[in-house]
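Work through the exercises below with the sequence and the structure in view. Each task is followed by a worked solution.

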Amino acid sequence: MASTLDVNGRVLNVNAGPDTPLLWVLRDELGLTGTKYGCGIAQCGACTVLADGQPIRSCSAPVSAFSGVKITTIEGLGGAHPLQQAWVKHDVPQCGYCQSGQIMGAAALLAQNPKPDDAAIDAAMDGHICRCGAYQRIRAAIKDAAGMPVVAGAPVPAVPAPKS
């Protein structure tokens, strides 16, 4: 079945069933492989993209729900976004698998709250699991991208609480 999607500012026709998860349309139909498959049940955050500026888990969202919605993937940030620069500066990536989802969640946060405190960062990033445990560097990168002072060694939760 043909659908039309607005992805990264381009209107594209895709040929996928209405129940096909957006993740697979992005990766397999459109070749946008920056968005990752992690758990497949919307719990880890690796597949996070923005839908009209709001973070969503694309692994469990049917493509039929996105007609007329502006979708932004990690590729849509262009590589020079302040968060992407801060990620590199703070050596956030280790295995790198969760990073695109983490960055997209952080981009949504900064768009809504340009100067988030630690509690706001923790709340926005809750459910974004980093297998490598880079949570302190993730928080530092978010603050740096927001133009806020970064305090070395500030405590962060070791593992985010699971979503229920």
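Predicted model: local features only at pLDDT ≥ 70, side-chain atom pairs only at ≥ 80, totals over all residues.

**Exercise 1.** Which residues of helix α1 (residues 22-29) are buried?

Residues are numbered from 1 along each chain as its sequence is written, and side-chain values use heavy atoms, with hydrogens and water left out.

Solution. Step one is the term: buried means under 20% relative accessible area, exposed over 50%, and partly exposed in between (1.4 Å probe, protein chains only). Helices (H or I, at least four residues) and strands (E, at least two) are DSSP runs, numbered from the N terminus. Step two is the list: L22, L23, V25 and L26 are the buried residues of α1. Step three is the cover over them, which includes the strands β1 (2-7), β2 (10-15), β3, β4 (54-57) and β5 (70-72). After α1 comes G31, with a positive phi near 70°.

**Exercise 2.** Describe the surroundings of T48.

Solution. Start with the location: T48 is part of strand β3 (residues 48-51). T48 counts as buried because its relative accessibility is 1%. Next, look for polar contacts (pairs of N or O atoms within 3.5 Å; within protein, one must be able to donate a hydrogen and the other to accept it, and residues adjacent in sequence count only if both atoms are side-chain atoms). The side chains of T48 and R57 are joined by one of 3.2 Å. A polar atom of the T48 side chain also lies 2.8 Å from the backbone oxygen of G45. Last, list contacts (heavy atoms within 4.5 Å). Neighbours within four places in sequence aside, T48 touches P55, I56, R57, S100, G101, M104, G105 and H128.

**Exercise 3.** Which residues have the most contacts inside the largest nonpolar core?

Solution. A nonpolar core is a set of buried Ala, Val, Leu, Ile, Met, Phe, Trp, Tyr and Cys residues joined through side-chain atoms within 4.5 Å. The largest one has 25 residues, and L83, W87, I138 and I142 have the most contacts inside it. Two or more residues each come from α2 (82-89), α3 (99-112), α4 and α5. The greatest share is that of α3, with 7 residues. Taking W87 and setting aside neighbours within four places in sequence, its contacts include V92, P93, Q99, Q102, I138 and I142. A second, separate core has 16 residues, among them V14, L22, V49 and F66.

**Exercise 4.** Is Q102 buried or exposed?

Solution. Q102 belongs to helix α3. Its relative accessible area is 2%, so Q102 is buried. A polar atom of its side chain lies 3.4 Å from the backbone oxygen of H128. With neighbours within four places in sequence left aside, the contacts of Q102 are W87, M125, H128, I129, C130 and I138.

**Exercise 5.** At what angle do helix α4 (residues 118-125) and helix α5 (residues 135-145) pack?

Solution. Axes are lines fitted to C-alpha atoms, for helices over the stretch in contact, and angles run from 0 to 180 degrees between N-to-C directions. The angle of α4 with α5 is about 115°, and their axes are 11 Å apart. On the α4 side the contact is made by D118, I121, D122 and M125, and on the α5 side by I138, R139, I142 and K143.
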